[in-house]
Structure formats: C-alpha cells, structure tokens
Amino acid sequence: TTFFSVGRLVTIKGYDLAIKALEIVGNAHQKKNFEFWIFGDGPERNNLEALTTRICLDGMVKFWGWQELSFIQEKIRKADVLVHPAVWEPYGVVVLEAMAIGKPVIGSDKTMAALDRIEPGINGFIHKTADIEQIAEQMSFFIQNPDQIDKMGKEARRTAEEWPVERGVKSIKGICTAMEMVR
C-alpha cells in the first residue's frame, strides 16, 4: 500500500503525525507492505527526515521534495491513499484533487474539504486532529483490506463527479445574491 501526501512541509500540515502513525503501523505489520510518499518542501523537511530516521522508517518514507505538477500527478496515479493529517487546514484542495483521480482519503477533522466531502467508510476516513492511534488504525485498514482501496477510490471519484464546476459557480452566485439582499 502506498500512502501519499502533497503540500508544503510546515507544522500545521501534521506530516509528523502521519510518520508517527506509520511507526505504529510498521510495528503491527513488520514494516512491510507499505510506503509513504511525501511531495513538497518547506521548513519542516529536515525535522521530518530526522524523525523518519529516529523511528527507523528510512526506506519506507520517501521525501520527493518540490516537483513539477506533471511529475506529482504521474506518481500519485500509482499510489493508493491520500493522507492529509493537518492540524488546521482552511480547505485542503489536495483532498478534492485526490478524490477526482479516484483515491480514497484519510483526512483530519480540521480539514474543511475532508469534512465537506468524505463519507467515512465509503470514500475515506476522517480522524480526530492529532490522534496518531486513529490515523494508524485507518492506514492499517487499507493495508489489511487492499480490495477496499479500489472500491473506496471509485466512491471518491463518484463524490468528485457530484461537484462539477457549474455546481460551485451556482453556489457562489447564490451566496452573492443572498449578500446583496442583506445590504
């Protein structure tokens, strides 16, 4: 199972939480049958790499750094599950992007896109912010049930298809109209 994350490597994204969860997963699964790819760069990269080494996950966590969009898209099509463990995320477009290409999502309850689009157990999972044990349980679910990756991925894609651009435009126009009426 290949988990992946995409974003700036900063504290609020919670990548350290996902790595700590993988330590639990690794102990439960003898450190096999999974990888974690992290795409992005930022001030936390050295700390995250040091954490990965300290808990003996070198070789299982791959830091890709900043990459062109086409490279990331090519790689994540080969990956399985987006992990978005943010401790705070105003929206989280990466959740929508992953679902649009048919990837189930593990997202925090502080990621608005996760709350907006994830149907727990159907197209992904939502975990309580900073709950490392729960993140580990959700990752382990996909390792133990690889058939669910495709099934939940198809549901993620179905969810994405329910939100075409036209629906978003209509929603925004409705909000603007309501605001005009209030003035």
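## Reading the definitions in a predicted model

In helix α3, which covers residues 69-78, Ile 72, Lys 75 and Ile 76 are buried. This is a predicted model, in which local features need pLDDT of at least 70, side-chain atom pairs count only at pLDDT 80 or more, and totals for chains, interfaces and linings use all residues. Residues are numbered from 1 along each chain as its sequence is written, and side-chain values use heavy atoms, with hydrogens and water left out.

Q: What makes the buried residues of α3 line one face of the helix?
A: Seen down the axis of α3, the buried residues fall within an arc of 95°, so they line one face; the arc is that of the directions from the helix axis to the C-beta atoms. An α-helix has 3.6 residues a turn, so residues three or four places apart point the same way. On the other side of α3, Ser 70, Arg 77 and Lys 78 are exposed, while the cover over the buried residues includes β1 (2-6), β2 and β3 (61-65).

Q: What does Lys 13 touch, not counting residues up to four places away in sequence?
A: Lys 13 touches Arg 8, Pro 85, Ala 86, Val 87 and Glu 89, where contact means heavy atoms within 4.5 Å.

Q: Why is Glu 44 not counted as buried, with its 21% relative accessibility?
A: The limit for buried is under 20%, so Glu 44, at 21%, counts as partly exposed. Glu 44 is found in the loop between β2 (35-39) and α2 (45-54), and, leaving out residues up to four places away in sequence, Glu 44 touches Leu 9, Val 10 and Thr 11. Glu 44 and Thr 11 are 33 residues apart in sequence and 6.7 Å apart in space, C-alpha to C-alpha.

Q: How do you know whether Glu 155 is buried, exposed or partly exposed?
A: Glu 155 has a relative accessible area of 26%, and is therefore partly exposed. Glu 155 lies in helix α7, residues 147-161, and, leaving aside neighbours within four places in sequence, Glu 155 is in contact with Ile 122 and Asn 123.

Q: What is to be noted about phi in Cys 56?
A: Most residues other than glycine have a negative phi. Cys 56 is not a glycine, and yet has a positive phi of about 60°. Cys 56 is placed in the loop between α2 and β3, and at 51% relative accessibility Cys 56 counts as exposed.

Q: Why does the radius of gyration of the protein agree with that of a compact globule?
A: The radius of gyration is taken over C-alpha atoms, and the globule rule is 2.2 Å times the number of residues to the power 0.38. With 183 residues, a compact globule would have a radius near 16 Å, and the protein has 17 Å, which agrees. Along its principal axes the C-alpha trace of the protein spans about 60 × 35 × 30 Å, and 44% of the 183 residues count as buried.

Definitions and conventions. Helices (H or I, at least four residues) and strands (E, at least two) are DSSP runs, numbered from the N terminus. Buried means under 20% relative accessible area, exposed over 50%, partly exposed in between (1.4 Å probe, protein chains only).
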